[in-house]
Amino acid sequence: MRHDGKTLLILGATAYSINVIKIAKGMGARTIVVDPVIGAPAKEHADMFYDVDTTDIDKLYDIAIKEKVDGIFTGYSDVNLFSCRALCDKLGLNFYGSLENLKKTTDKLMFKDMCRKYGVGTVPQYDESELASIPYPIIIKPADSWGSKGISVCYSYDDTPAAVEKARKYSKTNQIIVEKYMGGCEVVNFDYVMQDGKILLSAVGDRYVNTEQKGLSPLTAAGVYPSKYLKEYVETVDGKVKEMFYGEGMYNGTAFIQSFYEDGKFYFFEMGYRTGGGQGSIPLKVICDLDYVECLINFAFTGKMSDRDLSKYANPVYEKCSCAVVTILKSGVIAKIEGMAEIAALPENINITQFYREGEEVKQSVIGNLGQSLCRMHFVADNWEQLYKAVNFAFNTLKVTSTDGDNMIVAGGFDGSALLERK
C-alpha cells in the first residue's frame, strides 16, 4: 500500500525505529518520532521528533493534533503498546489489539493462564512460598517486564532473597514468577501474523543463547530459521495456538512466542502481541516478501493489514535459510569498533541494527538484559554452508575494544558451527 501525504507518529526512537522510519518513508508517509531520551538514535532519521515521554498521553495527544497525525505505530516495547492503544482510543485511530489482548500477552501470569485454557504447554511453575523445598536451579523473574530485565537464575535457596528483590524492582505490579530453570533445553521461537481473523504461522526458528554470565538470564546469541522442529510444532501445537489467538479475538496484528523444547514437548514462557526485538520481518521480506512492519503501518492508516492475501506469503517452510546474530558486550566505555563495514559488505548480510557507537558506555546496570547488545546482524543465504561461512566471518571479524584496551565482547558468542549440523 502507498500512504502518500499521510503522517505516522512513532512511539520510541531506539535503533529499532530506524527501520520503521525507512519503511514508512518508502511507503510515502511523513514520520514523527517521540522519545524522552535526548539524542535517541532514530530521531535524526525522522522528518520530525519530540523529546516527550511516551507515557504522557495528554502531550502525545497535543502533538498528534498539531501535526495532523493519521496513524500511530509502536513495536519492540511493551510499555509503548499501552500508550499507543490509549492514544489511538483518544484520537479515534486504528490499533490492532484490544486492551485485554495487551494485558494477557504482556503479563506472564495472565499469559500462562491463557495458554492453559487452550491446552498449550507452559514452563512448570512454583509458588513463592515453596522456595525452601523446591528442586533447584530455578528462575525468578517479574510477571510484567520485558527485555530480560529483572531475571535471575538461582542455584540454591541462598540465591533467592536477592533474586526476589530484583524481580519485584522491575515489576509494576510487584508480582514475580518462580519457574523451573530450563537450562540446557533448546529454545524455539514462533512468529504469527493475523489478517481479518486468519491466523498465519509465518516463521519458526531455533534460538541459541549465551550462558557465560552465571546467575543471569541467558541472553540471545542467535536465531536460526527455519527450525529443525518446524514439522513437529506444526503437527502438535500450531493448531492450538491458532485456536487461542482466534478465541481471544486477536484477528489482526503480529505476535511472537518463545518456548523451550524438551523431550518432544514445547513449553511456552513468553510472548508479545507486537513486532519482536529479533526483527524477524527483515529476513522474511527478502525470503517471501512479508514484512510485519509494513502490515502494521498499513493497519495504522487504514484498519487493514494489507491489500494482499497474506496467506499467500506467510509460510514458515521456505527454501532459503537465515540467521540473526546478537553480539553481547561487557560493561565499559567503547573506544573502538572494528569489522562492521566488512560484515555489511557480505552479500548474505541484509541488515545490521547497531545499538552502541564508539565513545558510548555499556553501563553495569544493563548487564543481564538486552541492553548489553552491541548489534543484531541479519544474514540470508541459499544453503546452510553459505550461511555458516558468512556468520563465521562475522564472528571472527567483529572486534570491540574498551578505553582500557580490553576486549568487550562476552565469550560464548555464536560462531555459526551449529549451522553445519543442518546440512
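## Chatting through a predicted model

Q: Let's start with helix 12, residues 384–397. What span should its 14 residues have, and what do the end C-alpha atoms show?
A: At 1.5 Å a residue, helix 12 should span 20 Å, and its end C-alpha atoms are 20 Å apart, so the two agree. Keep in mind that this is a predicted model.

Q: Which residues of helix 12 are buried?
A: Trp 384, Leu 387, Ala 390, Val 391, Asn 392, Ala 394 and Thr 397.

Q: And what do those buried residues pack against?
A: Their partners include strand 11 (219–225), strand 14 (321–328) and strand 15 (332–338). Helix 11 (340–344), strand 18 (373–381) and strand 19 (399–402) are also packed against the buried residues of helix 12.

Q: Zooming out, how many helices and strands are there in the protein chain?
A: There are twelve helices and 19 strands.

Q: What radius of gyration does the chain have, and what would a compact globule have?
A: The chain has 21 Å, while a compact globule of 423 residues would be near 22 Å, so the value agrees with that expectation. Along the principal axes, the C-alpha atoms fill a box of roughly 60 × 50 × 40 Å.

Q: How much of the chain is buried?
A: Buried residues are 57% of the 423. As for contacts with a separation of 6 or more, 66% are between residues 24 or more positions apart.

Q: What about charges: how many positive and negative side chains are there?
A: The chain has 47 positive and 55 negative side chains, and the centres of the two sets lie 3 Å apart.

Q: What is phi at Asp 263, then?
A: Phi there is positive, about 50°, although Asp 263 is not a glycine. Asp 263 lies in the loop between strand 12 (253–262) and strand 13 (265–272).

Q: Is Asp 263 buried or exposed?
A: Exposed, because its relative accessibility is 72% and the cut-off for exposed is over 50%.

Q: And what about Asp 289?
A: Asp 289 also has a positive phi, near 60°. Its loop runs between helix 9 (281–288) and helix 10 (292–302). With a relative accessible area of 31%, Asp 289 is partly exposed.

Definitions and conventions. Residues are numbered from 1 along each chain as its sequence is written. This is a predicted model: local features need pLDDT of at least 70, side-chain atom pairs count only at pLDDT 80 or more; totals for chains, interfaces and linings use all residues. Side-chain values use heavy atoms; hydrogens and water are left out. Helices (H or I, at least four residues) and strands (E, at least two) are DSSP runs, numbered from the N terminus. The radius of gyration is taken over C-alpha atoms; the globule rule is 2.2 Å times the number of residues to the power 0.38. Buried means under 20% relative accessible area, exposed over 50%, partly exposed in between (1.4 Å probe, protein chains only). Contact means heavy atoms within 4.5 Å. Lys and Arg count as positive and Asp and Glu as negative; His and the chain ends are not counted. The place of a charge is taken as NZ of Lys, CZ of Arg, CG of Asp or CD of Glu. The expected span of a helix is 1.5 Å times one less than its number of residues.
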